[in-house]
Amino acid sequence: MALSSVTKTSWKLQDMVAHSSKVSSLVLGKSSSRLLATGGEDCRVNIWAVNKPNCIMSLTGHTSPVVCVQFSSSEEQVVAGSESGSLRVWDLEAAKILRTLMGHKANICSLDFHPFGEYLASGSVDTNIKLWDVRRKGCVFRYKGHTQAVRCLAFSPDGKWLASASDDTTIKLWDLTAGKMITEFTEHTSAVTVVQFHPNEYLLASGSADRTVKLWDLEKFKMVGSSEGERGPVRCVLFSPDGSCLYSGSEDTLQVYGWEPDRCFDVVHVGWGKVADFAVCNSQMIGVSRGQMNVSLYIVDLNRVKKSGSLIQGLSQDDKLLAVATSKGATLRRNYERPTTSCSRQNMKQNSDADRRSPEGERRSPSSEDEHDDKESSAEITNPDDYKEIFQPRNAILRTPPKRSETFPAPIEDECFLVKPCAAAEIIPVHDKSKAPNVSSTPILRVEPTVVASAPSHPVSVVTASLALPSRRIVTTSKPKSSPAVIPSTCNEPVGLNVGDFLTPARCGKTNVTADEEALAQIRKGHETMCVMLTSRYKNLDTVRAVWAAGDIKTSLDSAVSMNDLSIVVDILNIVNLKPSLWKLDTCTTILPQIEELLQSKYESYVQTGYLSLKLILKRFWPLISDTLTAPPSVGVDITREERHQKCKACYKQLKNLSNIVKNRADQVGRHGSMFKELQLLMAPLE
């Protein structure tokens, strides 16, 4: 048996319960790409380190749900906007509230910090854009012009312009010094969800619910590119750090674009759902999406993504022509002039003062009410070690996370090949994970009777084989390795199998070396047993499928349960979970006892399936169970109601048993801990 490793292009990095209620907003820090801020309907802002299971800091003070969050460019501050229209700015290094800003009359939809200076911009459902001086606690200027909610704001790299995107399908460009609109782009046909400035050139990218990405020349103020290949509304856009290409994120998909001429370099299926934000660090993209109380992070290996080529909207084009067009566009377009000294802050301050004195400007001085709001706000440090490492460096040079962070290792996809004992060494692929259906549960290793029993301290032998010589020998080297308590759903080597068990022990003090024929004979000993187990499993699944085809889901589940094989139950649940409408109260009474076994299984895939099924039952059926059991007795005889009451009573009893299991496992760290914590929150009404 030989293993061939294939590295994934994208994979899920982390899944965690971020809030005690629905997550309503989130953002990644673009400087380090290692910090995440989440806002929830619990009125909190939580700060996380990417790929760490526990929250670093929890910020309180808002009295209504937090609907928008944003980091400053240095990641030393974070601002959060609420449903009531208020803004709160926290100093993360000092772990305290910095400012409370009031002025909007409706939900905050968009926020952005000025690239160099103590200013921030906010957009709202009230259609207004406000520029705030964080140091002086006042509104510097108000920009009017949009007729619907302002969904995205972005400052230009030189800090002179502000771009705004709105549900009114327009993009407006504002001059911060003059305090007026420069131009308006109206080519989108639906709400514009995101805008992004090129890091160097006078170029602006926008994404819209009309499923297009457009690029705008900021010297000629005209559209220079438009895509048509998005699978859904565009949710995120981001230029590569060197500005050579544009990344576009829509539901479950990442697309890579070039411009002048328009072309799509690559399309990557990521599976991140409705991605809310992404950032690039080194050669990896980190994408983040949110569920109810959950936040999921995904990694895309950009080294395996095409970022150049000759594809123009799906048509081939001569490479030479592309090179000429690209270089021409690069030389004609001007670059931003970034200030290299602190003078820019002073200039901005003077301009701000001028705007503040203008008739349209508005100033709000600190008041006792604001001071009271600041006192009500707090920064609770929940993870002191990570907080000290990230937010309390000795100096700026040592600040962590570093800009050159270590990349996240990719999981390995294993492909198994059967090697025939012949001179030509013909290799025949037996199993390819990449082509397996998503609904499949754990691999063959979960069939308990096929696992070779061995003592925990037995050495594991690593086999190294040469395919070149007919008379090759197999040499084994041993190192102790204990079996894991929980068998992961994906792994790089067999679990519960020791290669040494298939080889003859050393005789007369000789090393453990044996011929190929003898080794293959040892391996084939368990082959017939494995075939019997897989044949039995296939017949059982075929029986369940036949009942399912008759249209009786409940009977098919009952037959799967009666087979006393959890692997069959897992396979069926993985299908049923994909379509919640198949679930009925009768189904719950059958499946809940099985979920109890799944949650306590040693197989990770079993636990995940049990978690998804229980989560679905709680969300869809707990209100019905609760209302039925608390309802007053009916007058007269109602057989249907009595039957429903008995089913609800049985479900409640089983859920109570499950709540104890969930409670005991909620203290675990990592992905399992996050799953059980979420279940514990959902089962809180049972207490």
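Predicted model: local features only at pLDDT ≥ 70, side-chain atom pairs only at ≥ 80, totals over all residues.
A residue counts as buried when its relative accessible area is under 20%.

Which residues surround M683, once its neighbours within four places in sequence are left aside? The contacts are L614, L618, L655, L658, S659 and V662.

I turn now to a pair of helices. Helix α9 comprises residues 585-599 and helix α10 residues 604-630; their axes come within 9 Å and cross at roughly 145°. The crossing is left-handed. On the α9 side, the residues involved include L585, C588 and L592, while those on the α10 side include Y606, V607 and L614. By class, this contact comprises 14 nonpolar residues, two polar residues and no charged ones.

Helix α10 also contributes to an aromatic pair. W622 in α10 is paired with Y652 in helix α11, residues 639-665, and the partners are 30 residues apart. Why is the pair of W622 and Y652 described as stacked? The ring centres are 6.2 Å apart and the planes stand at 20°; planes under 30 degrees apart count as stacked. W622 is buried, at 15% relative accessible area, whereas Y652 is partly exposed, at 28%.

The count of aromatic pairs comes to nine. Another of them joins W161 and F221, with 6.4 Å from centre to centre and 40° between the planes, and this pair is tilted. W161 belongs to strand β16, residues 161-166, and F221 to the loop between β21 and β22, so the pair ties together parts that are 60 residues apart in sequence. W161 is buried at 15% relative accessibility, while F221 is partly exposed at 31%. Elsewhere, ring pairs join F141, Y143 and W174 into a cluster.

Finally, I come to a sheet. Four strands form an open sheet in the order β7-β8-β9-β10, with antiparallel pairing. Its edges are β7, residues 66-71, and β10, residues 96-101, each of which pairs on one side only. On average, neighbouring strands are turned by 20° against each other, direction ignored. Between β7 and β8, residues 77-82, the antiparallel pairing runs over five bridges. Within this sheet, Q70 stands opposite V79 of β8.

Notes: Residues numbered from 1 in each chain as written. Heavy atoms only, no water. Pairing = 2+ DSSP bridges. Helix = DSSP H or I, 4+ residues; strand = E, 2+ residues; numbered from the N terminus. Axes fitted to C-alpha atoms, helices over the stretch in contact; angles between N-to-C directions. Left-handed = near helix turned anticlockwise from the far one by under 90°. Contact = heavy atoms within 4.5 Å. Nonpolar A, V, L, I, M, F, W, Y, C, P; charged D, E, K, R; others polar. Phe/Tyr/Trp six-rings, centres within 6.5 Å; stacked < 30°, edge-to-face > 60°. Buried < 20%, exposed > 50% of the residue type's maximum accessible area, 1.4 Å probe, protein only.
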